[in-house]
Amino acid sequence: MKKNVDEVVVEFEAGDNNFLTHSMVDKLLIQNDESVKNQAKSVINLYSLEKTVSKNPYVENASVFLTITGTLKSIIKQRTPVARIVNENDSYYVDKQGVKIPLSSNYSARVLLVSGVEGGEEINEILPLISFILEDNFLQKEVVGIQKFADEEYQFSVRSGNYKIDFGKLTKMEVKFKKLKAFYNKTFEDKTIQNYKTINVKYHNQVVCTK
């Protein structure tokens, strides 16, 4: 007796990104120009379907398989954006591996805005900085934007005020962030942080502020 695919099930692995919907994945599960539902199990090319789904720019990982009961199951892990690269000609997300993710009309991710960075190599350079910020509870909430300048120096925009943080080059990151957090602790307490326009952590063992 010829057995057909009687059901197509799409599952997403846990995550808070919603770039893809079930129907979008269903549209990728096509073989011979038609849905795999009701096709004979024996003619289903699982490898080809998996490859097609994996090629989608929002998919980090996909597995497609048939169950004994005749269900074609697809388990999808979506890419998680960590930053949005914004430049004159283009705007897109990147994940923690630096893989480019197109903007989506389905979902707008609240992530760090990064400007002044062009292309692959420069994105890879900035990934350790982004990771450092995202791994720290305070910095993750406070730093909202990163701008790179032509002299390879960086400046941050923050959530708590209109001041900017001059971070300098991507060296001694841990030391600079330690200084910055100590400075925040003091100036948050006495409410003086709003008096400054820039907070500079570039220089050895000191924080220089401009009013």
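1. K100 is partly exposed in this predicted model, with a relative accessible area of 47%. Its side chain meets that of D90 in a salt bridge, at 3.5 Å from N to O. D90 is also partly exposed, at a relative accessible area of 33%. The bridge links distant parts of the chain, 10 residues apart: K100 lies in strand β8, and D90 lies in the loop between β6 (81-86) and β7 (91-95). K100 also lies over the face of Y92, at 4.4 Å from the ring centre.

2. How many salt bridges does the count come to? The count comes to 10 salt bridges. In one of them, the side chains of K73 and E11 meet at 3.3 Å, N to O. K73 belongs to strand β5 and E11 to strand β1, so this pair ties together parts that are 62 residues apart in sequence. K73 counts as partly exposed at 23% relative accessibility, and E11 is partly exposed with a relative accessible area of 34%.

3. The side chains of E152 and K148 also meet in a salt bridge, at 3.4 Å from N to O.

4. Strands of a sheet pair through backbone hydrogen bonds, in either a parallel or an antiparallel sense. Here β1 and strand β5 (residues 71-78) pair in the parallel sense over 6 bridges. F12 stands opposite I76 in β5.

5. A pair of aromatic rings is described by the distance of the centres and the angle of the planes. The count comes to 8 aromatic pairs. What kind of pair do F19 and Y107 form? Their ring centres are 5.3 Å apart and their planes stand at 80°, so the pair is edge-to-face. F19 lies in the loop between β1 (7-12) and α1 (22-28), and Y107 in the loop between β8 (100-101) and β9 (112-115), so the pair ties together parts that are 88 residues apart in sequence. F19 is buried, with a relative accessible area of 0%. One aromatic cluster is formed by F19, Y58, Y93 and Y107.

6. F132 and F177 form a stacked aromatic pair, with 4.8 Å from centre to centre and 15° between the planes. F132 lies in helix α3 (residues 119-134) and F177 in helix α5 (residues 173-189), so this pair ties together parts that are 45 residues apart in sequence. F132 counts as partly exposed at 23% relative accessibility, whereas F177 is buried with a relative accessible area of 1%.

Terms used. Residues numbered from 1 in each chain as written. Predicted model: local features only at pLDDT ≥ 70, side-chain atom pairs only at ≥ 80, totals over all residues. Heavy atoms only, no water. Phe/Tyr/Trp six-rings, centres within 6.5 Å; stacked < 30°, edge-to-face > 60°. Helix = DSSP H or I, 4+ residues; strand = E, 2+ residues; numbered from the N terminus. Buried < 20%, exposed > 50% of the residue type's maximum accessible area, 1.4 Å probe, protein only. Lys NZ or Arg CZ within 6 Å of the ring centre and 35° of its normal. Pairing = 2+ DSSP bridges. Salt bridge = Lys/Arg side-chain N within 4 Å of Asp/Glu carboxyl O.
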